[in-house]
Amino acid sequence: MIITENLTKYFGQIKAVEKLNLHIVKGEIFGLLGPNGAGKTTTVRMLNTLTLPTSGRAEINGLDVVREATKVKRLIGVAPQELNLDRELTGRENLRLHGLLHQMKGIEERIEYLLKWTGLSERADSLVKTYSGGMQRRLLVARSIMHRPGVLFLDEPTVGLDPQVRRQIWDLIRNLKQQGVTVLLTTHYIEEAELLCHRVGILSHGKLIVLGTPPELKAQIGRFVVESLDDGVTNYRLFEGREEAYRFAQTRGDDVVIRESNLEDVFIKLTGERIER
Amino acid sequence: MNFYPIFLREMLIFKRRLLRIGYLFSTMVTPLLYLVAFGLGLGRGISIEGVSYLAFVVPGICAMSSMTNSYSWIATTIAVGRLHFKTFDEFQVSPVTATDIMLGEVLSGVVRGLFASSLILVAGAIFGAGFPKSPVFFPVWLLNCLIFASFGVIAGFRAKSHEDTATFSNFFIMPMAFFCGTFFPVDRLPYFIKAVLYFLPLTHASKALRASFLGQGVEIISLGIMLAVFVVCFYWGVITIRRSNR
Ligand SMILES: Nc1ncnc2c1ncn2[C@@H]1O[C@H](COP(=O)(O)OP(=O)(O)OP(=O)(O)O)[C@@H](O)[C@H]1O
Ligand SMILES: [Mg+2]
């Protein structure tokens, strides 16, 4: 369980996160969405005990992330946005060190299992610097769950991956869902959030601007979108029902698309900006 | 207490480096040049304080190389790991204490310092300088590595960029390498420089290493100062690590 109360972080004049209130329940996969610089990583780092909040507080399973940081560290798994693996070590060594850092028992069995799970068995004894980006990302996720944390932070776990590897990581996350792990996932891929998350929150300039399940949020703005090209600019119109959307589309020229609305539309509607890069 | 994984990580990386000829060569070449140039070239036939210059300079170069090797690797790997590869975040989200991190890193610096300087001792022996005559040599040697490995951790954690560690090295480590009684006795310098040098740990390290190498008595005050410097630096390092992620 993750609770934040008015969690705030300023970097000098920059308001990275402002008065964030979240309540993420056990076993939930929660998606934090937002464009670059929205404050996703800063939020995650405060919850990971890596960054001190400027004000407000946060707790994980009832433990304060500032005052009880060491206890919090035992509970959490972290896959940061940067690939911070030890590049001069092998994949297996990276996992082994993580197990030792957490004073685990049965390290070698767990390593074998995770290597198989991530499809890295064959390359387990090569140096990480010889891995592709996708392999490193998978190893990063494997390392974050090595010690079987109950609460997991995945900061953009699929950024820059090809669609196939992205699906592999999604499968990994779905597996965790079945195991009842609480996951805070950040992303700016809309599809990813819709597919994996029970609930999503959208951050913009450090503030939480919406919170809810993907169907709820889409229902709020209208379930159908008509995209039409008017004078070289794509316009979006939202509609409650398919018929309405269809009728409107007929009044437009050839360049029209009718589709179901997505979280991107929610974000554009609320901020006028786009989330995806 | 869980410093082992931190130590192990450094040792795994060190082991791979050792297997590369280039690394061995580059750690060895500078001290060996000094040894050959000063010990065999410049100092041939000269005796100083009643011993051959070679026997005088071998413990000095040993002090120097145990200092630089304990310090510089640690300082740069920590700075680069923290600032560039972010590998230290992994330690800082794991349930290890700042003391664990300090101890693991310092011990790995000690291993490197002892390794590099033991090669100097071997080379010195081959050239005819003999081996340490008093067992006191070994704890002093170790203490010297402990001190400068601790400095290395502090520099690595305080650096704002990895060039910072080189700056610190140029202004602090390198002058010590030359002036702290490594190549010539401190007594030959003007009084005010001597006074400054008295407070630098390497002055005491080279004095104590030389005395024990030659089988003379080691001044207790030197050992005391070195021990005190180590304790202070170790503690300072722990505090630096504790504050570094905030
Ligand atoms: N260490 C820092 N020092 C100064 N400013 C920072 C620091 N870290 C983050 N910021 C600023 O805080 C804001 C939020 O950054 P953050 O990294 O949390 O965004 P993000 O949502 O993770 O973005 P991205 O999608 O690019 O990863 C940005 O304006 C960023 O410049
Ligand atoms: Mg980010």
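Predicted model: local features only at pLDDT ≥ 70, side-chain atom pairs only at ≥ 80, totals over all residues.
**Exercise 1. The nonpolar cores**

Determine which elements of chain B contribute two or more residues to the largest nonpolar core, and which of them gives the most.

Solution. 
1. The largest nonpolar core comprises 74 residues, and those with the most contacts inside it are B:Ile101, B:Val106, B:Phe148, B:Val153 and B:Leu202.
2. Two or more residues come from each of α2 (21-42), α3 (53-83), α4 (88-92), α5 (98-127), α6 (137-158), α7 (162-179), α9 (201-213) and α10 (220-244) of chain B.
3. With 15 residues, α3(B) gives the most to this core.
4. Another core, of 46 residues, lies apart from it and includes A:Ile111, A:Leu114, A:Val128 and A:Leu139.
5. For B:Phe148, leaving out residues up to four places away in sequence, the residues touched are B:Met67, B:Ser70, B:Tyr71, B:Ile173, B:Met176, B:Pro201 and B:Leu202.

**Exercise 2. The surroundings of a cysteine**

Solution. 
1. B:Cys233 is placed in helix α10 of chain B.

**Exercise 3. The interface between the chains**

Describe the contact between chain A and chain B by residues, buried area and polar pairs.

Solution. 
1. On the side of chain A, 30 residues are in contact with 25 residues of chain B.
2. The two chains bury about 2,500 Å² between them, of which 57% is on carbon and sulfur atoms.
3. A:Leu50, A:Lys73 and A:Leu101 account for 26% of the area that chain A buries against chain B, more than any other three residues.
4. Between chain A and chain B there are ten residue pairs in polar contact, counting pairs with both residues at pLDDT 80 or more.
5. At least two residues of the side of chain A that touches chain B come from each of α2 (69-75) and α3 (91-101) of chain A.
6. The element that gives the most to this side is α3(A), with five residues.
7. By class, this side of chain A has eleven nonpolar, nine polar and ten charged residues.

**Exercise 4. Salt bridges across and within chains**

Solution. 
1. Over all chains the count is 25 salt bridges, and the count between chain A and chain B is six.
2. A:Arg45 forms a salt bridge with B:Asp89, with the closest N and O atoms 3.1 Å apart.
3. A:Arg45 is partly exposed, at 25% relative accessibility, whereas B:Asp89 is buried, at 11%.
4. In the salt bridge of B:Arg9 with A:Asp86, the closest N and O atoms are 2.6 Å apart.
5. B:Arg9 lies in helix α1 (residues 4-18) of chain B and A:Asp86 in the loop between β6 (76-79) and α3 of chain A, so this pair also joins two chains.
6. Both B:Arg9 and A:Asp86 are buried.
7. Within chain A, A:Arg174 forms a salt bridge with A:Asp171, at 3.3 Å between the closest N and O atoms.
8. A salt-bridge network links A:Glu5, A:Arg57, A:Glu59, A:Asp64 and A:Arg67.

Conventions
Residues numbered from 1 in each chain as written. Chains lettered and ligands numbered in written order. Heavy atoms only, no water. Core = buried A, V, L, I, M, F, W, Y, C linked by side-chain atoms within 4.5 Å. Buried < 20%, exposed > 50% of the residue type's maximum accessible area, 1.4 Å probe, protein only. Helix = DSSP H or I, 4+ residues; strand = E, 2+ residues; numbered from the N terminus. Contact = heavy atoms within 4.5 Å. Buried area = accessible area lost by both parts, 1.4 Å probe. Salt bridge = Lys/Arg side-chain N within 4 Å of Asp/Glu carboxyl O. Polar contact = N/O pair within 3.5 Å; in protein donor to acceptor, adjacent residues only side chain to side chain. Nonpolar A, V, L, I, M, F, W, Y, C, P; charged D, E, K, R; others polar.
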